Amino acid sequence: MAGRRLLRACTALRLVNQNVAVRPLQRTMATLKGIPTDDEQATGLERRALQALKKGKDPYSMLKPMEYAGTKAEPHIVPGISTKRLVGCLCEEDNTAIVWFWLHEGDAQRCPSCGSHYKLIHSELPH
């Protein structure tokens with residue numbers, strides 16, 4: 001590697017017949033605008049995900065969900081693409097059994113075991 005740099009430094013300024021210094025063409029990935037950013041280089045689904053993140057949306061549920069109190073006034077929000085979804089509730093922090101129940105679109109529903117409220121919100125798939 002060091003040998004290449006030394007060779008490039010020595011040949012960077014070559015003298016031509018009329019004592020005019022000529023620099024060789026640079027072989028870099030940079031263009032006239034510079035190295036492209038992730039936003040400029042992204043295509044397809046990656047580009048859609050980056051654009052959605054800039055708008056403040058969370059495609060593919062990559063970010064940590066917001067925490068809610070689980071009361072009737074402030075239920076846990078569950079995104080879904082249909083009118084119902086199967087939800088699992090860990091009623092206590094150290095509980096090993098999961099309470100499963102169907103959550104339907106509309107008003108908030110209670111967990112049959114602990115009483116936490118959940119609400120299904122219709123959301124579209126990002127692609």
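Hi everyone. By contact I mean heavy atoms within 4.5 Å. Keep that in mind as we look at this predicted model.

Let's start with L103. Which residues does L103 touch, leaving aside those up to four places away in sequence? They are V78, T83, K84, R85, V87, Q109, Y118, K119 and L120.

Several of those names come back when we turn to the largest nonpolar core, which has eight residues. L103 belongs to this core, together with V78, V87, C89, F101, C111, Y118 and L120. Three strands each supply at least two residues of the core: β4 (84-89), β5 (99-104) and β7 (117-122). As general background, nonpolar side chains tend to be buried together in soluble globular proteins.

Now, on to the sheet. Strand β7 turns up again here, in an open sheet of three strands with the order β3-β7-β6 and mixed pairing. Which strands sit at the edges? Those are β3 (76-80) and β6 (109-110), and each pairs on one side only. Between β3 and β7 the pairing is parallel, over five bridges.

Last stop, the charged side chains. How many salt bridges are there? The count is one. D39 and K54 form it through their side chains, at 2.7 Å from N to O. This pair links distant parts of the chain, with D39 in helix α2 (residues 38-41) and K54 in helix α3 (residues 44-54), 15 residues apart. Buried or exposed, where does K54 fall? K54 is exposed, because its relative accessible area of 63% is over the 50% cut-off. D39, at 31%, is partly exposed.

Thanks, and over to you for discussion!

Note on methods
Residues are numbered from 1 along each chain as its sequence is written. This is a predicted model: local features need pLDDT of at least 70, side-chain atom pairs count only at pLDDT 80 or more; totals for chains, interfaces and linings use all residues. Side-chain values use heavy atoms; hydrogens and water are left out. A salt bridge is a side-chain nitrogen of Lys or Arg within 4 Å of a carboxyl oxygen of Asp or Glu. Helices (H or I, at least four residues) and strands (E, at least two) are DSSP runs, numbered from the N terminus. Buried means under 20% relative accessible area, exposed over 50%, partly exposed in between (1.4 Å probe, protein chains only). A nonpolar core is a set of buried Ala, Val, Leu, Ile, Met, Phe, Trp, Tyr and Cys residues joined through side-chain atoms within 4.5 Å. Two strands pair if DSSP finds at least two bridges between them.
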